[in-house]
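Please consult the sequence and structure below while reading.

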Amino acid sequence: MASTLTPNFCCSHITPYRPQILDQESKFNEFLKWAHLTITSEFSSDYDPSSPVPEYAVQLIKQVNYGPLESRRYFIPRRDLCKVEFIEVGEQWLIDNNFEKLNSNYKNFRCTLHNKFFELNLYQKDPVNTHHWRANVARPSNEIDLRIACYV
């Protein structure tokens, strides 16, 4: 499968929608700083399965405002000496590594120029549940995620 370069956001003009400061603010800020400057290829081959599992993952949802979903992507941090980069992984990676969505930790953004809406969600490894967890709606799944509400 050939990888294609995909911008993380439509442009640099996205603005927070109903901004709030969250307890995980630094994780969102790290991702946003990286995502604004980076164009990624879908599902990076840079992930080394023998690497330690990161403490969190970020879900980036992109859609037309009040319209169809365009993408649902997942990124995990990779820390180098003095900077943080993110690697895109598939939903199956989150499932295999037992990550769970932190429902109270999300941020919304919009771009009025391109009529786009973005949602960022945090996922963390569930230290307790090691069972197969498809029935839990806090988990990532294209089949069970609720339709994303868009706001103007």
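V53 touches W93, N97, F99 and K125, leaving aside residues up to four places away in sequence; contact here means heavy atoms within 4.5 Å. The residue sits in the loop between strand 3 (39-41) and strand 4 (56-64). Helices (H or I, at least four residues) and strands (E, at least two) are DSSP runs, numbered from the N terminus. V53 counts as partly exposed because its relative accessibility is 35%; buried means under 20% relative accessible area, exposed over 50%, and partly exposed in between (1.4 Å probe, protein chains only). V53 and I76 are 23 residues apart in sequence, and their C-alpha atoms are 8.9 Å apart in space.

**Basis and confidence**

The model is predicted, so local features need pLDDT of at least 70 and side-chain atom pairs count only at pLDDT 80 or more, while totals for chains, interfaces and linings use all residues. Residues are numbered from 1 along each chain as its sequence is written, and side-chain values use heavy atoms, with hydrogens and water left out.

The predictor's confidence in each residue, pLDDT, runs from 0 to 100. Its average over the chain is 79, and 71% of the residues score at least 70. Confidence is highest in strand 4, at a mean of 95, and lowest in strand 3, at 63. Over residues 132-137 pLDDT stays under 50, and for this segment the model has 15 contacts beyond four places in sequence.

The 13 residues of helix 1 should span 18 Å at 1.5 Å a residue, and the end C-alpha atoms are 19 Å apart, which agrees; the expected span is 1.5 Å times one less than the number of residues. The buried residues of this helix are E25, K27, F28, F31, L32, W34 and A35.

Side chains of opposite charge can pair when their charged atoms come close. The structure holds seven salt bridges, each being a side-chain nitrogen of Lys or Arg within 4 Å of a carboxyl oxygen of Asp or Glu. Three of them are listed here.

| Salt bridge | N to O distance |
|---|---|
| K107 and E25 | 3.2 Å |
| K27 and E55 | 3.1 Å |
| K62 and E70 | 4.0 Å |

K107 lies in strand 7 and E25 in helix 1, so their bridge ties together parts that are 82 residues apart in sequence. K107 is buried, with a relative accessible area of 10%, and E25 counts as buried at 16% relative accessibility. K107 also lies over the face of F28, at 6.0 Å from the ring centre; a charge sits over a ring if NZ of Lys or CZ of Arg is within 6 Å of the ring centre and within 35 degrees of the ring normal.

K27 belongs to helix 1 and E55 to the loop between strand 3 and strand 4, so this pair ties together parts that are 28 residues apart in sequence. K27 counts as buried at 10% relative accessibility, whereas E55 counts as partly exposed at 48%.

K62 is buried, with a relative accessible area of 14%, whereas E70 is partly exposed at 38% relative accessibility. K62, E70 and K116 are linked in a network of salt bridges.

**Aromatic pairs**

Rings of Phe, Tyr and Trp (its six-membered ring) pair if their centres lie within 6.5 Å; planes under 30 degrees apart count as stacked, over 60 as edge-to-face and the rest as tilted. The count by this rule is 10 aromatic pairs. One of these is the tilted pair of F31 and F75, with 5.3 Å centre to centre and 50° between the planes. F31 lies in helix 1 (residues 25-37) and F75 in strand 5 (residues 69-79), so the pair ties together parts that are 44 residues apart in sequence.

Y74 and Y123 form an edge-to-face pair, 6.0 Å centre to centre with 80° between the planes. Y74 lies in strand 5 and Y123 in strand 8 (residues 116-125), so the pair ties together parts that are 49 residues apart in sequence. Y74 counts as buried at 3% relative accessibility, and Y123 counts as buried at 0%. Ring pairs also link F31, W34, Y56, F75 and F86 into a cluster.

N108 lies in strand 7 (residues 99-111) and is buried, with a relative accessible area of 12%. Leaving aside residues up to four places away in sequence, N108 touches T15, P16, Y17, F117, F118 and E119.
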